Amino acid sequence: MYKTPCCRLSGLVGLSVKQKLLQNVPQCNQTARSLVQLHRRDPSNWLTYQHLNFLKRQYVAKNNSELHQRAIPKPAPALTIVDERDDSIERQVQRIPTIDPVDTDTVSLSEDITSKAQPGISTLKPDTEDAAVQKDSVSSTLVTSDETPHVQVETDEEKEARLDRQWKQLKVNVADLPDIYAKLAKIKLTALVVTSAAAGFAMAPVPFDPLLFFVSSLGIGLASCTANSINQYFEVPFDSNMNRTKNRPLVRGQISPLHAVSFALACGIPGVALLTLVVNPLTGFLGALNIFLYTCCYTPLKRLSITNTWVGAVVGAIPPVMGWTAATGCLGQGALLMGGFLYSWQFPHFNALSWNLREDYSRGGYRMMSVTHPGMCKRVALRHSVGLIGLSTLAPVLDVTTWTFPVISLPINLYISYLAFRFYRQGERSSARKLFFCSLWHLPMLLLLALTCKKPRRDQEEPALPPASLPLTLQS
Amino acid sequence: MILLGFQSLKMWFSHFSKHSDPNEVQNSPYELLSLNQRSPYRPAVSSTHDWIGPPNPLSNLRPIVYRVPENESELEKRLRHLRQETEDWNHTFWTKQNFTFNKEKDAFIFSQLNSKGLTVRDEQGRRRALNSEEMAVFYKGFLDTNRIRHANYNKEWYRRNFTITLLMARVALKDIWRTVSERRRKNNGTPAT
């Protein structure tokens, strides 16, 4: 999702440096490549135009991979310059050796497999690449696979040299570990989870305790890291087959499964212990429950039934509840309301996202509403977007915010409901995409508005007074 | 004739990759096809580290050449065999999955275009594609027909993953214990000399 400016800059700098090197010193391919590797550590760094809109990164990534797919017709030597971590190129080039000279039927099919092994968002992407592939296949039947050495020995050697470099030793490079751990723990998602928990904490009607805030945020962050790591540990073969997830550390073999589990335990045990002992047992219990729900319920359910979306919504709703219970120590109505906001928000967010990933989900065997029950998918997204308006109105009733909140949040709630309605009626990629991007800014805005409209605390010194002052506050 | 060719190539690959056991005989055409379409180059077995390779074009899974340490214990051997077997099993499943998916997808597109009276390729020679709503029918059908198969694969994969990780943990603990006890023996040895 969001990329820090310095990462993007290094990518651009690396690109310009590499280009300069390649122009001036052709024989320094080696240094160029190593420099490129240095700057291109993060596989998403080669999205040089990603800084245009950080929100669109996910889709830009797919678009860019398709651009690279169209680069197939280039001659083989040119491809050696490309970063070897670019899986899309490797895959395209390896298309040629999969052509089995014996079985002509599988020729076109194996091509299709490799070309479809890279499904972009749009299955409608024409087929200039397919036309190129057909041409390639005609010429490449002369260049056969490595098994029966043939005419062009140079390309085979070059190819072997390149394949040689693509094999890496499964050695843990300590310098890489922070980056690997960040990816394993889905650090950006964790940051958003901690933000929603912080919102829950801030909305609680108690004096703000910075130390408690920090400790509970840390504990929730660690719990989220654990859940994400275990999720990735379970899903290695599925992640390998989906574009969105194929660069994860376990898929790429940067660390072993045992290492990932150890990392998860190393985050989870201190995290939950911190929440239970330092904050309060209720928050610790909720943290452990959330980890369990995410890893043992949501992750397996993704492949078994569409109810995974509802379980996932509950998983997303628990962090703000945890923030509230961390602050107050008890599960109040306000906690459930904050959880309700996140719960309802999940549906337009996730349903819109999954709408454009239907092919990947189908091939990977994931049972998602968008694939199996498309009508329900749209209906549920619309229902919950409108439900957000209802929840915003409920906030002042439960004394969480003032009555200003439903009024000022009405514009953004109406807008997301409108987009959900359009998605419901049209059900197209563009409307799904619009709804998804709207949901990304809608939630932070909503939480921010709620925070600004937080109900000011009544003084606690005179408990006898509140019943008398109640009609006053209601009138104000 | 073709099968003999495949079998001999498979033997050559397994010899080249220096596995102590040859892969178990597999008769399914998907297995033969997939195992022979794997990366023709595999590095020599190292005694210190595993090698991990580029994603296979058919199954999108990365092959691993497992390390064979000197004085490999029974436990480590069991672990290595289980990992290799799981890798092969995974590779076969995903190759078949991707292959079937693409085949059925093409058949679906073909039949849909036929029912509309359109040819597979348009005037420019480019392949016609259906819009996402029409494709959604196919995606749903694919998931529904393969539901039990996917559920079984899931169960089996979780079971294997757990077993492998437990074995890895046991091997790691044994290693640590061995290092610690060796060091203790060395420390006990030096004051005596």
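The legends below describe close-up views of a predicted model.

**View 1. The largest nonpolar core and its neighbour.**
The largest nonpolar core of the model has 60 residues, and those with the most contacts inside it are A:Ile255, A:Tyr361, A:Leu435, B:Met135 and B:Phe138. Because domain 1 (177-331) and domain 2 (344-456) of chain A both give residues to this core, it lies between them. Apart from it lies another core, which has 43 residues and includes A:Ala199, A:Ile220, A:Val279 and A:Leu293. As a general background, nonpolar side chains tend to be buried together in soluble globular proteins.

**View 2. A nonpolar patch on the surface of chain A.**
Here A:Tyr415, A:Tyr418, A:Trp441 and A:Met445 form a nonpolar patch on the surface, and together they have about 390 Å² of accessible area. Two elements of chain A, α21 (404-426) and α22 (429-452), each give two or more residues to the nonpolar patch. Within this view A:Trp441 can be found in helix α22 of chain A, and with a relative accessible area of 34% A:Trp441 is partly exposed.

Over all chains, a search of the whole structure finds 28 aromatic pairs. In one of them, B:Phe138 and B:Phe142, the ring centres are 6.1 Å apart and the planes stand at 40 degrees, so the pair is tilted. Both residues belong to helix α4 (residues 132-145) of chain B, where B:Phe138 and B:Phe142 are four residues apart, about one turn of the helix. B:Phe138 is buried, with a relative accessible area of 7%, and B:Phe142 is likewise buried, with a value of 2%. Elsewhere in the description of aromatic residues, ring pairs link A:Phe238, A:Tyr361, A:Tyr366, B:Trp89, B:Phe93, B:Trp94 and B:Tyr153 into a cluster.

**View 3. A salt bridge within a helix of chain A.**
The count comes to 15 salt bridges over all chains, and in one of these the side chains of A:Lys183 and A:Asp179 meet with an N to O distance of 3.3 Å. Helix α9 (residues 177-184) of chain A holds both A:Lys183 and A:Asp179, which are four residues apart, about one turn of the helix. A:Lys183 is partly exposed at 22% relative accessibility, and A:Asp179 is also partly exposed, with a relative accessible area of 33%.

**View 4. A salt bridge between the chains.**
B:Lys105 forms a salt bridge with A:Glu359, and their closest N and O atoms are 2.8 Å apart. Since B:Lys105 lies in helix α3 (residues 74-116) of chain B and A:Glu359 in helix α18 (residues 358-364) of chain A, the pair joins two chains. B:Lys105 counts as buried at 6% relative accessibility, and A:Glu359 counts as buried at 6% as well.

**View 5. Salt bridges within chain B.**
In chain B, whose elements follow the pattern α-α-β-β-α-α-α along the sequence, B:Glu72 forms a salt bridge with B:Arg80, with the closest N and O atoms 2.8 Å apart. B:Glu72 counts as partly exposed at 23% relative accessibility, whereas B:Arg80 counts as buried at 10%. Salt bridges that share partners also join B:Glu85, B:Glu156, B:Arg159 and B:Arg160 into one network.

Technical notes. Residues are numbered from 1 along each chain as its sequence is written. Chains are lettered from A and ligands numbered from 1 in the order in which they are written. This is a predicted model: local features need pLDDT of at least 70, side-chain atom pairs count only at pLDDT 80 or more; totals for chains, interfaces and linings use all residues. Side-chain values use heavy atoms; hydrogens and water are left out. A nonpolar core is a set of buried Ala, Val, Leu, Ile, Met, Phe, Trp, Tyr and Cys residues joined through side-chain atoms within 4.5 Å. Buried means under 20% relative accessible area, exposed over 50%, partly exposed in between (1.4 Å probe, protein chains only). Domain bounds come from an automatic or database domain assignment. Patches are made of residues with over 30% relative accessible area and no salt bridge: like charges are joined within 9 Å, nonpolar side chains (Val, Leu, Ile, Met, Phe, Trp, Tyr) within 5 Å. Accessible areas come from the Shrake-Rupley method with a 1.4 Å probe; for residues, only the protein chains shown count as cover. A salt bridge is a side-chain nitrogen of Lys or Arg within 4 Å of a carboxyl oxygen of Asp or Glu. Rings of Phe, Tyr and Trp (its six-membered ring) pair if their centres lie within 6.5 Å; planes under 30 degrees apart count as stacked, over 60 as edge-to-face and the rest as tilted.
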